[in-house]
Amino acid sequence: MPKKVTPIKYTARDFESIKTAIIDHAKRYFPDTYQDFNEASFGSLMVDSVSYVGDVLSFYLDYQINETFIDSAIEYSNVLKLAKQLGYKYQRNFTSSGTAAFFIKVPRGSTGVGPDTDYIPTLKKGTKVGTSGGVTFTLNEDVDFSVTTNRIVVATVDATTGEALTYAIRAYGEVISGYGTTEEFVVGPFEPLKNIIIDNPDVTEIVQVIDSEGHEYFEVDYLSQDVIYEQVRNRTDTAVSAPKYSLRPRAVARRFVMEQQNFRTIIQFGYGSDSTLKNKPLSDVSKVVLKKHGRDYVQTANFDPSNLVETDKLGIAPSNTTLSVTYRVNSRDSVNATANSLKIINSAILEFPVADLNANTKQTVFSSLEVNNEEPIIGDVSLPTADEVRRRAIDAYAAQNRAVTKQDYAALIYKMPGKFGAVKRCSVAQDPDSVKRNLNIYVISEDVNGLLVTTNSTIKENLKFWINQHKMINDTVDILDAKIANIGIEYVIDSLPDYNRFEVLEAAKSVIQGYITRIPFEIGEPLLITDLYKELLKTEGVRSVKDVKIVNKVLGNYSSLEFDIGDSLSPDATVLFVPENVILEVKYINTDIRGTIK
């Protein structure tokens, strides 16, 4: 006798629908077995229990399905994992960088005019300076006080004769937040895809990896990438328009990728060993000769990267050695510095041009060293939200490490390595005054308090260097500062009669503050005033919203940009439009949002 097929209602997903389906099933197929549908019966308890379990399982099934797609994922860790699959590289820590002015006093020369050149030193790369708040910065380049473009003034004079005794010299150098530290790892026998884990949560970049045999390992974006481009100081072309650095290709067999997750840094090597390296790696890809062996034909014009190092094992992994890993560490959670806050010399490295000098005079020169930052040092930004990561990952996947569209440029800017700093917001627009493919890139950064500030010249220079590697050859790009328009929000509401008016007013303010914090402004993005009405109406105790008004803040510590609110409103006063180079900001969220209740 064939088995009876009992239909099951698979569309029941929540507690009530599952419970109803179970009861209908029992009434239809077991009318004589079960007839007690009283809410107080034991059978009702079992039906409720099964419905409860079914509802929970249905919820987790839906939740897990949603978490497998980047468009619907909610958990931050899952968004990061899905973004990684799309090629987005998450950076937990950013460095801030800027220009610092260094001052030093040098005794006068034997002629009595000008400083003694024997005592004009060079401040070496690696010198550490800091702020009173405990943020440490490291000098990223040598500062030569003998350069003729440095400013020299008389510092002290003889009270009797009026002759100069010492001269003060000012020179500039680039500083970067954090300090370098070195950690050693003992590596045993060969292990494919070897991992090295650094537990320090404040790592910003891997500076150098060298094994005990002297082999250096280089960081790449992907292990399949066996050519890097070294940044070499341009000392041959002295023209004003010449780039500060030039790129030189180099083939590398020993390489690694860095990944940051769960407050730790992972260094991942390939699965090749020294035995897979068939020949000596080439340091210059231009010296590669394709093996034709006298053939009278050419099968392809494509370049085979395996000819560089003759290994397809994703790089050489270290074995039976000791790895010396040098990495940069941030000294504080926030490493941005306001103007004129860099005052402390933590450790200076001075080198004098002449070895045999008076020790006391050298010490006097050493003790006179001072530092100051004339403009803010920025580059460290707060971590992107889940929505920002989602958007940047999708854009990064579409960009594919090249810049063709405006969205590609924005994706690449946000992917700039943390060691070069970062911008908080960027916007790309076609230059309307150019007949060529000229693009205007507007950028803005944030200070130590998370407020918007103008991006400094060092970050923009790094951004220029980064973009040049990916942009179309016929594109011209201008990196410009976005203008900040500080605004305030004023509203009038009416409360329900059974609610405390002051509590309703405070709750409405909290709702608007949460909305502004949750949905940050982009450059050129309009403000939808209707959304403010909707948020206020969601507040418990609010009966109606009488008015919402946007005001421009320009006095005191606000931005000097005078933004005409009236001319920028839409005809129905529901949208506040802003120019493509302007970004809105509620600077002081506690005082710039004000409400009145009637």
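Me: Buried means under 20% relative accessible area. With that in hand, why does Val135 count as buried?

Reply: This is a predicted model, and in it Val135 has 8% relative accessibility. Because 8% is under the 20% limit, Val135 counts as buried. Val135 sits in the loop between strand E3 (128-131) and strand E4 (136-139).

Me: What makes Val135 a meeting point for residues from elsewhere in the sequence, and which residues are in contact with Val135?

Reply: Contact asks for heavy atoms within 4.5 Å. Leaving aside neighbours within four places in sequence, the residues that meet this for Val135 are Val129, Gly130, Ser331, Arg332, Ser334 and Val335. Val335 is 200 residues from Val135 along the chain, yet their C-alpha atoms are separated by 6.0 Å.

Me: How do you know what length to expect for H1, and what does H1 reach?

Reply: The expected span is 1.5 Å times one less than the number of residues. H1 covers residues 15-29, which is 15 residues, and the expected value is 21 Å. From its first C-alpha to its last, H1 reaches 21 Å, close to that expectation.

Me: Why can we say that the buried residues of H1 line one face?

Reply: The buried residues in H1 are Ile18, Lys19 and Ala26. Seen down the axis of H1, they fall within an arc of 100°, so they line one face of the helix. What covers these buried residues includes helix H2 (42-66). The face turned away from the buried side carries Glu16 and Arg28, both exposed.

Me: What makes Asp14 a cap for H1?

Reply: A side-chain oxygen of Asp14 lies 3.2 Å from the backbone nitrogen of Glu16. The cut-off for a polar contact is 3.5 Å, and 3.2 Å is within 3.5 Å. Asp14 therefore caps the N-terminal end of H1.

Me: Why is helix H10 said to have one buried face?

Reply: H10 runs over residues 529-538, and its buried residues are Ile529, Asp531, Leu532, Glu535 and Leu536. Viewed down the axis of H10, they fall within an arc of 150°, so they line one face of the helix. Lys534 and Lys538 are exposed on the other side. The buried residues of H10 pack against strand E24 (483-495), helix H9 (501-518), strand E25 (527-528) and strand E26 (542-552).

Me: What makes a set of residues a nonpolar core, and which residues have the most contacts inside the largest one?

Reply: The members must be buried nonpolar residues joined through side-chain atoms within 4.5 Å. The largest such core has 36 residues, and those with the most contacts inside it are Ile489, Tyr491, Ile493, Ile550 and Leu584. Among the elements that give two or more residues to this core are E24, H9, H10 and E26. E24 supplies the largest share, 6 residues. Ile489 has contacts beyond four places in sequence that include Ile512, Ile516, Leu532, Val548 and Ile550. A second, separate core of 27 residues includes Val106, Val129, Ala348 and Ile377.

Me: Why does Asn340 count as partly exposed?

Reply: Asn340 is at 43% relative accessibility, so it falls between them. Asn340 is in the loop between strand E16 (321-329) and strand E17 (342-347), and its phi is near 65°, a positive value in a residue other than glycine. In general, most residues other than glycine have a negative phi.

Definitions and conventions. Residues are numbered from 1 along each chain as its sequence is written. This is a predicted model: local features need pLDDT of at least 70, side-chain atom pairs count only at pLDDT 80 or more; totals for chains, interfaces and linings use all residues. Side-chain values use heavy atoms; hydrogens and water are left out. Helices (H or I, at least four residues) and strands (E, at least two) are DSSP runs, numbered from the N terminus. Buried means under 20% relative accessible area, exposed over 50%, partly exposed in between (1.4 Å probe, protein chains only). The arc is that of the directions from the helix axis to the C-beta atoms. A polar contact is a pair of N or O atoms within 3.5 Å; within protein, one must be able to donate a hydrogen and the other to accept it, and residues adjacent in sequence count only if both atoms are side-chain atoms.
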